[in-house]
Amino acid sequence: MRADLDNAGLDVTGLAVTLGGNQVLHDVDLAVAPGETVGLIGPNGAGKTTLLRTVLGLLTPDAGAVRIAGRAPRAARGDFGYVPQKHEFAWDFPITVGAAVLNARTATRWTSPRRADREAAARAVERVGLADLASRPIGALSGGQRQRVLVARALAREPGLLLLDEPFTGVDVPTQELLVGLLSQLAEEGTAILMTTHDLAQARAVCTRLCLLNRTVVADGPPSELEDPSLWLRAFGVAESALLLTGTAREAT
């Protein structure tokens with residue numbers, strides 16, 4: 001699905017990526033406009049994380065282009081925020097919640113935090129419900145609280161595009177509920193959101209569109225338009241009797 005991006009949001013066209021001599025992605029077209037929340041869904045090895053890493057500018061595509069707010073990823077670093085999976089962050093680093101979030105705004109500069117940096121970090125901590133824990137060491141946090149720190153770090157950048165890699169994995173119910181509400185609020189405020197997820201129920205609750213990916217885009221549209229089991233068969237390569245099609249996938253549509 002193409003979107004009228006008007007130099008905002010995310011636009012991926014004709015993307016192909018090869019890793020270790022193997023083509024991981026080919027002919028990927030994907031657009032996320034401001035105010036949209038798109039769930040990137042597919043089996044393990046489908047290329048979801050590779051697509052995110054390419055959008056982040058960490059991988060160079062063989063073909064195609066990525067544009068964020070009309071610019072290449074490396075030129076648009078101030079326009080997007082990224083929420084990685086929890087294991088990608090150094091939780092044993094001796095730093096508080098507030099400092100970890102503030103660092104997301106200052107890590108690329110050799111200057112002291114400005115007032116705008118501190119205010120943005122404080123707003124982000126407040127939005128994820130951690131204001132009371134701002135002085136707590138990150139190593140003393142629960143799994144759900146750690147996920148909130150990662151989200152706050154991304155929000156502190158005040159991004160127009162928010163990228164999330166499996167945000168609901170391994171978190172408690174209160175954090176899941178907070179994330180669902182927060183993502184809905186961000187979309188209403190005009191943020192473009194792209195997230196990978198294996199949680200189809202949460203994808204249904206949050207996403208305006210689902211993109212089924214298996215090395216290329218198999219289907220892309222609102223959940224109500226993805227009721228055909230053949231689309232899920234092509235994306236996941238499962239039999240028609242699989243639980244994904246008899247129950248979970250239909251719930252997601």
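Of the 14 residues of helix H4, 11 are buried, so H4 is largely enclosed by the rest of the structure. Buried here means under 20% relative accessible area, exposed means over 50%, and partly exposed is in between, with a 1.4 Å probe and protein chains only. Helices (H or I, at least four residues) and strands (E, at least two) are DSSP runs, numbered from the N terminus. The model is a predicted one, in which local features need pLDDT of at least 70 and side-chain atom pairs count only at pLDDT 80 or more, while totals for chains, interfaces and linings use all residues. Residues are numbered from 1 along each chain as its sequence is written, and side-chain values use heavy atoms, with hydrogens and water left out.

H4 covers residues 143-156; at 1.5 Å a residue its 14 residues should span 20 Å, and the end C-alpha atoms are 20 Å apart, which agrees. The expected span is 1.5 Å times one less than the number of residues in the helix. Among the buried residues of H4 are Gln147, Arg148 and Arg153, along with Val149, Leu150 and Val151. The buried residues pack against strand S5 (80-83), helix H2 (97-106), helix H3 (115-127), strand S6 (161-165) and helix H5 (173-188). Contact means heavy atoms within 4.5 Å. After H4 comes glutamate 158, whose phi is positive, near 50°.

Two strands count as paired if DSSP finds at least two bridges between them.

At the S9 end of the order, strand S8 (residues 209-213) and S9 pair in the antiparallel sense over 4 bridges. Leucine 210 stands opposite glycine 221 in S9. Strand S9 comprises residues 217-221, and glycine 221 is buried, with a relative accessible area of 1%. Glycine 221 and threonine 208 are 13 residues apart in sequence and 8.2 Å apart in space, C-alpha to C-alpha.

Cysteine 207 counts as buried at 7% relative accessibility, and cysteine 211 counts as buried at 0%. With a disulfide taken as a pair of cysteine sulfur atoms within 2.5 Å, the count comes to 0 disulfides.

A second open sheet has 3 strands in the order S2-S1-S4, with antiparallel pairing. Strand S2 (22-32) and strand S4 (63-68) stand at its edges, each with a single partner strand, so one side of each is left without a neighbour in the sheet. Here the twist averages 25° from one strand to the next. Strand S1 (residues 10-19) pairs with S2 in the antiparallel sense over 7 bridges, and valine 12 stands opposite leucine 30 in S2.

Helix H1 (residues 48-55) lies across S1, S2 and S4, running at about 115° to S1. Because 6 of its 8 residues are buried, H1 is largely enclosed by the rest of the structure. The buried residues are Lys48, Thr50, Leu51, Leu52, Thr54 and Val55. H1 is followed by glycine 57, whose phi is positive, near 85°.

Aromatic rings come next. Rings of Phe, Tyr and Trp (its six-membered ring) pair if their centres lie within 6.5 Å; planes under 30 degrees apart count as stacked, over 60 as edge-to-face and the rest as tilted. By this rule there are 2 aromatic pairs. One of them, tryptophan 232 with phenylalanine 236, is stacked, at 6.0 Å centre to centre with 10° between the planes. Both residues lie in helix H7 (residues 229-236), 4 residues apart, about one turn of the helix. An α-helix has 3.6 residues a turn, so residues three or four places apart point the same way. Tryptophan 232 and phenylalanine 236 are both buried.

For the protein as a whole, there are 8 helices and 9 strands. Buried residues make up 49% of its 253 residues. Of the contacts with a separation of 6 or more, 67% are between residues 24 or more positions apart.

How values were computed: Axes fitted to C-alpha atoms, helices over the stretch in contact; angles between N-to-C directions.
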